[in-house]
Amino acid sequence: MMKKDAHPDYHEITVQLTDGTSYKTFSTWGKPGDTLKLEIDPKSHPAWTGVHRLVDSGGQLAKFNKRFEGFGLKS
């Protein structure tokens, strides 16, 4: 005999990529019909695009560059 309500609800959702395109898939995330908006996807992530950008959050990159400017590293 199987337990009732042992598994999460599996339903259709919409996944929206960073460029605005979207597709439908099945997931346990959210509620039926919800839209999952991605911040990072294969079209924008450096691991897939090969284009790397340095993002300075809170001046951490500037702090690093200042600390190691005398070691011959290019900033």
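Phe 64 is partly exposed, at a relative accessible area of 41%. That class lies between buried (under 20% relative accessible area) and exposed (over 50%), using a 1.4 Å probe and protein chains only. The model is predicted: local features need pLDDT of at least 70, side-chain atom pairs count only at pLDDT 80 or more, and totals for chains, interfaces and linings use all residues. Residues are numbered from 1 along each chain as its sequence is written, and side-chain values use heavy atoms, with hydrogens and water left out.

**Aromatic pairs**

- A pair of aromatic rings is described by the distance of the centres and the angle of the planes.
- Rings of Phe, Tyr and Trp (its six-membered ring) pair if their centres lie within 6.5 Å; planes under 30 degrees apart are stacked, over 60 edge-to-face, and the rest tilted.
- The count under this rule is two aromatic pairs.
- Tyr 10 and Phe 26 make a stacked pair, with 5.8 Å centre to centre and 25 degrees between the planes.
- This pair links distant parts of the chain: Tyr 10 sits in the segment before strand 1 and Phe 26 in strand 2, 16 residues apart.
- Tyr 10 is exposed, at 57% relative accessible area, while Phe 26 is partly exposed at 47%.
- Phe 64 and Phe 68 make a tilted pair, with 4.8 Å centre to centre and 50 degrees between the planes.
- Phe 68 counts as partly exposed, at 26% relative accessibility.

**Sheet**

- Helices (H or I, at least four residues) and strands (E, at least two) are DSSP runs, numbered from the N terminus.
- Three strands form an open sheet in the order 2-1-3, with mixed pairing.
- Strand 2 (22-27) and strand 3 (35-37) are the edge strands, and each pairs on one side only.
- Two strands pair if DSSP finds at least two bridges between them.
- Strand 1 (residues 11-16) and strand 2 run antiparallel, joined by six bridges.
- Within strand 2, Phe 26 stands opposite Glu 12.

**Asp 41**

- Asp 41 lies in the loop between strand 3 and helix 1 (46-49).
- Asp 41 is buried, with a relative accessible area of 1%.
- Leaving aside residues up to four places away in sequence, Asp 41 touches Leu 17, Thr 18 and Trp 48 (contact means heavy atoms within 4.5 Å).
- Asp 41 and Thr 18 are 23 residues apart in sequence, yet 6.8 Å apart in space, C-alpha to C-alpha.
- The Asp 41 side chain reaches the backbone nitrogen of Thr 18 at 2.7 Å.

Terms used:
Polar contact = N/O pair within 3.5 Å; in protein donor to acceptor, adjacent residues only side chain to side chain.
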